[in-house]
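Student: Please walk me through this one; I would like to begin with the charged side chains and then move on to the fold.

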Amino acid sequence: MPDSVSLSVIVPVWMEAAGIEDTLRALAKVRSAGNEVIVVDAGSSDSTAELARPLCDRVAISEKGRAVQMNAGAALAQGDLLLFLHADTRLPPDALEHLHRFSVSRHAWGRFDVRLSGDRLLYRIIAWFMNRRSRFTGICTGDQAMFVRRDTFEALGGFHPMPLMEDVELSRRLCLVSRPYCIASPATTDSRRWEKSGPWRTIFLMWRLRWRYWRGESPESLAQAYRSDVRNA
């Protein structure tokens with residue numbers, strides 16, 4: 001990153017004690033380059049916050065909900081660029097080099113391509129379609145490690161406090177400012193959700209929820225449908 005541009009990585013978490021240390025160790029290179037990592041915990045009853053503290057710059061506690069947590073982290077961040085990272089997603093080794101190129105571009109925001117962990121060919125195909133769709137529509141999902149210039153994020157009022165689709169909703173507003181800066185080097189997200197529910201069931205669920213969202217159904221009812229489907233998987 002240029003000396004004049006700093007990065008804040010914001011990681012919303014809840015009940016992530018089993019994996020939070022691996023998540024944060026993977027960000028050691030980001031911190032050693034002079035950037036900050038902020039973990040925002042939604043009041044986990046396990047040891048998530050305690051395990052995170054030695055491996056990040058700050059642990060904040062907020063109300064539950066990714067949108068609320070990410071806004072809370074952004075309010076504390078010192079960086080010129082904000083990157084929102086799910087706890088089960090890893091940035092590529094060359095992430096900082098790509099973010100450097102973004103920082104001197106005219107784009108206001110961007111995202112990484114996504115790769116699903118695991119060796120199944122089906123996961124490579126799913127990721128390919130996810131990345132193609134995102135490049136065509138300009139819409140980003142949380143698994144793609146969205147990043148945005150701080151002044152743009154603040155001007156737009158951050159994430160809307162909604163229980164689902166907060167990343168899609170912000171993408172739509174960001175697209176009015178600029179097209180996304182798309183980084184082909186992929187962020188890798190854990191395929192456990194796909195394994196648990198089954199790839200085809202998960203694909204159908206996500207497309208069904210997205211279709212209902214585009215038709216104007218409330219995020220609250222979509223979140224209820226999502227939780228019900230996950231419980232019954």
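**Charged pairs, sheet and cysteines**

Tutor: Arginine 111 is buried, with a relative accessible area of 0%; buried means under 20% relative accessible area, exposed means over 50%, and partly exposed lies in between, using a 1.4 Å probe and protein chains only. This is a predicted model, in which local features need pLDDT of at least 70 and side-chain atom pairs count only at pLDDT 80 or more, while totals for chains, interfaces and linings use all residues. Residues are numbered from 1 along each chain as its sequence is written, and side-chain values use heavy atoms, with hydrogens and water left out.

Student: OK, which side chain meets arginine 111 in a salt bridge?

Tutor: Arginine 111 meets the side chain of aspartate 113, at 2.8 Å from N to O. A salt bridge here is a side-chain nitrogen of Lys or Arg within 4 Å of a carboxyl oxygen of Asp or Glu. Aspartate 113 is buried as well, at 8% relative accessibility.

Student: And how many salt bridges does a search of the whole structure find?

Tutor: The search finds eight salt bridges. One of them joins arginine 31 to aspartate 57, with the closest N and O atoms 3.2 Å apart. Arginine 31 lies in helix α2 (residues 28-32) and aspartate 57 in the loop between α3 (48-52) and β3 (58-61), so this pair ties together parts that are 26 residues apart in sequence. Helices (H or I, at least four residues) and strands (E, at least two) are DSSP runs, numbered from the N terminus.

Student: Is arginine 31 buried or partly exposed?

Tutor: Arginine 31 counts as partly exposed, at 28% relative accessibility, and aspartate 57 is also partly exposed, at 41%.

Student: What forms a salt bridge with arginine 25?

Tutor: Glutamate 21 does, and the closest N and O atoms are 3.9 Å apart. Both residues lie in helix α1 (residues 20-25), four residues apart, or about one turn of the helix. An α-helix has 3.6 residues a turn, so residues three or four places apart point the same way. Glu21 and Arg25 also belong to a network of salt bridges together with Asp22.

Student: Switching to the sheet: in what order do the eight strands come?

Tutor: The order is β3-β2-β1-β4-β7-β6-β8-β5, in an open sheet with mixed pairing; two strands pair if DSSP finds at least two bridges between them. β3 and β5 (89-90) stand at the edges with a single partner strand each, so one side of each is left without a neighbour in the sheet.

Student: Which way do β5 and β8 run, parallel or antiparallel?

Tutor: β5 and β8 run antiparallel and are joined by two bridges, with threonine 89 standing opposite threonine 189 in β8. β6 and β8, on the other hand, pair in the parallel sense over six bridges, and there leucine 116 stands opposite threonine 189. β6 (residues 109-116) also pairs with β7 (residues 147-149), in the antiparallel sense over two bridges, and the partner of tryptophan 109 in β7 is valine 148.

Student: Which residues make up the covered face of β8?

Tutor: The covered face has Tyr181, Ile183, Ser185, Ala187 and Thr189, whereas Cys182, Ala184, Pro186 and Thr188 form the uncovered one.

Student: You list a cysteine there, so how many disulfides does the structure hold?

Tutor: The structure holds zero disulfides, a disulfide being a pair of cysteine sulfur atoms within 2.5 Å. The sulfur of cysteine 140 is 8.7 Å from the closest cysteine sulfur, that of cysteine 182, which is too far for a bond. Cysteine 175 is in no disulfide either, since the nearest cysteine sulfur, again that of cysteine 182, is 9.1 Å away. Cysteine 140 is buried at 0%, while cysteine 175 is partly exposed at 25%.

Student: Last one: where does serine 44 lie?

Tutor: Serine 44 lies in the loop between β2 (36-41) and α3, and it counts as buried at 14% relative accessibility. Its side chain makes a polar contact with the side chain of aspartate 41 at 2.5 Å, and it reaches the backbone nitrogen of methionine 15 at 2.7 Å. A polar contact is a pair of N or O atoms within 3.5 Å; within protein, one must be able to donate a hydrogen and the other to accept it, and residues adjacent in sequence count only if both atoms are side-chain atoms.
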